[in-house]
Amino acid sequence: MNSHKLTVKEKVGYSLGDAAANLVFQMMLMFQLMFYTDVFGLEGLVAGTVLLIARVADAFVDPAVGILSDKTKTRWGKYRPWILWSVVPFCLFYVLAFWNPGIENKSLVAIYATLSYVLLMSSYSLINTPYCSLGGVMTSDIEERTSLNTYRFIAVTIGQIIVQGATLPLVDTLGGDDRQQGWLWTVAIFAVISFLCLLTTFRTTRERVTPPPMQNTDLREDLRDTMSNASWKAIIILTFFLFITLSMWNSAMNFYFRYDVDQKALADFLGCFGMNVDQQHAYSVGFSVFNISAALVQLVAIIGMSERLARRYGKKEVVVFCLLLTAVLTALYWIPTKTDVTFLFVLNILRSMAYAPTIPLLWAMMGDVADNVEYLSNRRSTGLCFSSMTFSLKVGLGIGGVLTGFILSAFGYVSGDVLVQNEMAETGIRLTASLIPALSMVVGVWALSKSPITKMYNEKMQSELSGRRWIQTLTNRKQHREQ
């Protein structure tokens, strides 16, 4: 039962849950900071602080949800019901986070932005923490788990294409001169899609891996066993620094395309591919094409490379190499001049190709961490393992957001719907898109290199765990017959 082979229907159904979450996550990652500065009119440091407060406050929700979901017992399992219970507030708060109910005072706008964003992030935790844990208990088969996460991140990439490619054109089309109205309708459409996807995930998935039958619920022991685990520490540190990188890079690239790229050169580049775009719309179309091309490369690389590389070399080994290469390519964004549009797109494709194999493997590795805790302590706390990872992820996102806002403000970025920034502000934008996030990623890779879960270790661990579970199953059957 634990090594159950999953059907394509179940893998696709599970993957739609993260496609839904990514319609929100990509919006937060790429557009939230600029939305606060250019639509809500908040200063860069204030906007970054809003992100930090909301993400750090919400990060403490993740362990609580992880602990509660581990204790949950329903006919649907431990983790699936949380998706059903949380889907409505999740979609509602998504819309509210991108809607200004007529507030003009900037201090009140900042307060509203903080409260609405905290509610969005908290509801995100109520769904995403159990969702991630669900992937760790659908099967314990190493290859099936990697395959499940490959399906998952194919769907994630499709969600990424939708958000990164369609958001700005939809805002322009639905809002016209009223950008606030355009953002509201765009987010409302994404919220409806998320609702339908999450309901499908709930209906199509099943939980199979359960804690050892004799395990007593003891939060203190679960925390001790998990937090003393070397592989857990390595993944948590990696996640923290990786999502500082992603938060900074994705937010900064939005500013980068608007202010550090020559709009005429960008329009001319698009014209080479038959897209006749004037300079006024070069940013929205060019940035969408930039994101879509990267996401398509990422999608192909996930399908064609992740499972094969992991099967041959091991998850840890592949992630270490690919993230180091991604860090180098990220640092190279410091080099292009304002008219080097071709170089910018080529660099983007190479970076996406290097980063893509790590996306499903990172989450598959967290399932291995939960197994490792069970392997060493004979206690399983899947929700706690995954919630601690999402805690680290959100703190990293918060730190990355406030660092980006701080650097932009320090370099003189002017908020509001302005067309040109000064040279110092443009330099600050390039720093947050290149050298600083690259350094953060290198620190995360160093932490992962300390994890003991190599390919050989993982195979040995899974073999022994399967033997233990089989013996326990036989024992349970014998006891049941005797009763």
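Mentor: Start with the surface. This is a predicted model, and the protein exposes about 19300 Å². Carbon and sulfur atoms supply 66% of that area.

Trainee: What makes Leu174, Trp185, Ile189 and Ile193 a nonpolar patch?

Mentor: Patch residues need over 30% relative accessible area and no salt bridge, and nonpolar side chains are joined within 5 Å. Leu174, Trp185, Ile189 and Ile193 form such a patch on the surface, with about 350 Å² of accessible area together. Take Ile193: its relative accessible area is 34%. The cut-off is over 30%, so Ile193 at 34% passes on area.

Trainee: Why is Ile193 called partly exposed rather than exposed?

Mentor: Exposed means over 50%, and buried means under 20%. Ile193 has 34%, so Ile193 is partly exposed.

Trainee: Which helix gives the most to the nonpolar patch?

Mentor: Helix H8, residues 179–204, with 3 residues. Ile193 is found in helix H8.

Trainee: Why is Asn128 called buried?

Mentor: The limit is under 20% relative accessible area. Asn128 has 8%, so Asn128 counts as buried. Asn128 lies in helix H6, residues 106–137. Leaving aside neighbours within four places in sequence, Asn128 is in contact with Asp18, Ala21 and Thr390.

Trainee: Are Cys197 and Cys272 buried or exposed?

Mentor: Cys197 has a relative accessible area of 14%, so Cys197 is buried. Cys272 is at 64%, so Cys272 counts as exposed. The cut-offs are under 20% for buried and over 50% for exposed.

Trainee: How do you know that the radius of gyration agrees with a compact globule?

Mentor: With 483 residues, a compact globule would have a radius of gyration near 23 Å. The protein has 22 Å, so the value agrees. The C-alpha atoms fill a box of roughly 80 × 45 × 40 Å along the principal axes.

Trainee: What else describes the whole fold?

Mentor: The protein has 19 helices and 0 strands. Buried residues make up 59% of the 483 residues. Among contacts between residues at least 6 apart in sequence, 84% join residues at least 24 apart.

Note on methods. Residues numbered from 1 in each chain as written. Predicted model: local features only at pLDDT ≥ 70, side-chain atom pairs only at ≥ 80, totals over all residues. Heavy atoms only, no water. Buried < 20%, exposed > 50% of the residue type's maximum accessible area, 1.4 Å probe, protein only. Helix = DSSP H or I, 4+ residues; strand = E, 2+ residues; numbered from the N terminus. Contact = heavy atoms within 4.5 Å. Patch = residues over 30% accessible without salt bridge, like charges linked within 9 Å, V, L, I, M, F, W, Y side chains within 5 Å. Areas by Shrake-Rupley, 256 points an atom, 1.4 Å probe, with all protein chains shown as cover. Salt bridge = Lys/Arg side-chain N within 4 Å of Asp/Glu carboxyl O. Rg over C-alpha atoms; globule rule 2.2 N^0.38 Å.
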